[in-house]
Amino acid sequence: MLNTARRGQIWPVSIAPMMDRTDRHYRYFMRQLTRHTLLYTEMITTAALLNGDRNKLLGFSEAEKPLALQLGGDDPAHLATCARLAEDWGYDEVNLNIGCPSDRVQHGHFGACLMAQPVLVAHCVEAMRQATTLPVTVKHRIGIDDLDRYEDMANFVHTVAQAGCDCFIVHARKAVLQGLSPRENRTVPPLRYDDVYRLKADFPMLRIEINGGLTTLLQATAQLRYVDGAMLGRVAYDHPYLFAEADALCFGDTAPPHTRRQVLEAMLSYLERWAAQGLPPYRIVRHLLSLFAYQRAARLWKRSLSERTWAPGTVVAALREAMSLVPDEVLDAHPQTAEHAMHSMHLCDTL
């Protein structure tokens, strides 16, 4: 019998946790585009949380919610403590990373290598569930190395579900732990969507979300015929304005989305606040580089932001100057229709 008393909300679309990408400044930026999409932190290890600067690691603004904390670790007691911290700090979910294939993560004995130890993962989930009232979810791969049959994944999910996890986010590629880099592991192993669909059919009471290879919102919503949710990764960083349509397409919110000018106006005041606290401005500006992806002046915008020296005292004026290089009709355009947006993905910048 599965204990689903703490089952969380079903999010039809989410943005994947990405190292060196989904920090609090990126998340604030994305909240100017989508109010409802579930966001994740970067993966934070239990060792970092137990021994490091928790304000720096866990801090976020209310504007970033709904927000899930992703943890990396393999010690049930340590994960339990960190799950309690997630609740104390006001996160909406806590997620366990069983998908990262990097050498550093393997040496720490967590991430994708733990798919070979479903009983240990179950103990981790059980400890986390006992420590918090937050939903506890698991993000994992189709399989690893030679442990990549559907039956292997089904056994992993069944074992971990018995510990109280009822939400699994499945990256629909296996992880090759020896011989492929983390980047290659995102593209080289073939996608196996059918295995994820089969998992949902075999475990109908579980919440199954799919990740891997999705590059448009139409692709994401098409997945909802077979699974409960879809997670988009790198495209959310490389083409962030794609998510200006997410609230209407995925959540039924008919409020007008922000134009790129409105997004930047919000980021100007945000930049000013953080620069006044001593944060190097480019820590925020770097997330804006792809705001005009697949639009006129995209290359000019990127070059203008990349080549500047961003000083705290002049960052607002400098960003306004960069905005002046973009045509008004681009700055003030509303999201394209989904069909037009898909076509634009195949076009080159004109400048």
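1. Buried means under 20% relative accessible area, exposed over 50%, and partly exposed in between, with a 1.4 Å probe and protein chains only. Helices (H or I, at least four residues) and strands (E, at least two) are DSSP runs, numbered from the N terminus. In helix α9 (residues 193–202), the buried residues are Tyr193, Asp195, Val196, Tyr197, Leu199 and Lys200. Contact means heavy atoms within 4.5 Å. The cover over the buried residues of α9 includes α7 (150–162), β7 (167–171), β8 (207–211) and α10 (217–223).

2. This is a predicted model, in which local features need pLDDT of at least 70 and side-chain atom pairs count only at pLDDT 80 or more, while totals for chains, interfaces and linings use all residues. Residues are numbered from 1 along each chain as its sequence is written, and side-chain values use heavy atoms, with hydrogens and water left out.

3. On confidence: pLDDT is the predictor's confidence in each residue, from 0 to 100. The chain has a mean pLDDT of 92, with 93% of its residues at 70 or more. Residues 1–6 have pLDDT below 50, and this stretch has 12 contacts in the model beyond near neighbours in sequence. Residues 337–351 also stay under 50, and there the model has 22 contacts beyond four places in sequence.

4. A nonpolar core is a set of buried Ala, Val, Leu, Ile, Met, Phe, Trp, Tyr and Cys residues joined through side-chain atoms within 4.5 Å. The largest one has 108 residues, and Phe168, Phe243 and Trp301 have the most contacts inside it. Helix α13 (residues 260–276) gives the most to this core, with 8 residues. A second, separate core of 8 residues includes Leu38, Cys167, Ile169 and Met231.

5. Strand β4 (residues 67–72) has 6 of its 6 residues buried. Two strands pair if DSSP finds at least two bridges between them. β4 runs parallel to strand β2 (residues 39–40), with 2 bridges, and parallel to strand β3 (residues 44–45), with 2 bridges. Tyrosine 40 stands opposite alanine 68, and isoleucine 44 opposite leucine 71. Strand β5 (residues 93–98) is parallel to β4 as well, through 4 bridges, with glutamate 93 as the β5 bridge partner of alanine 68. From β4 the chain passes through helix α4 (residues 76–89) to β5 in a right-handed β-α-β crossover (with the strands pointing away from the viewer, the path from the first strand over the helix to the second runs clockwise).

6. Threonine 34 sits in the loop between α1 (24–31) and β2 and counts as buried because its relative accessibility is 0%. A polar contact is a pair of N or O atoms within 3.5 Å; within protein, one must be able to donate a hydrogen and the other to accept it, and residues adjacent in sequence count only if both atoms are side-chain atoms. The threonine 34 side chain makes such contacts with the side chains of threonine 37, at 2.8 Å, and aspartate 247, at 2.7 Å.

7. Backbone points to check: the peptide bond from lysine 65 to proline 66 is cis, with omega near 5°. Histidine 109 has a positive phi of about 60° and is partly exposed, at 29% relative accessibility. Alanine 297 has a positive phi of about 75° and is buried, at 1%.
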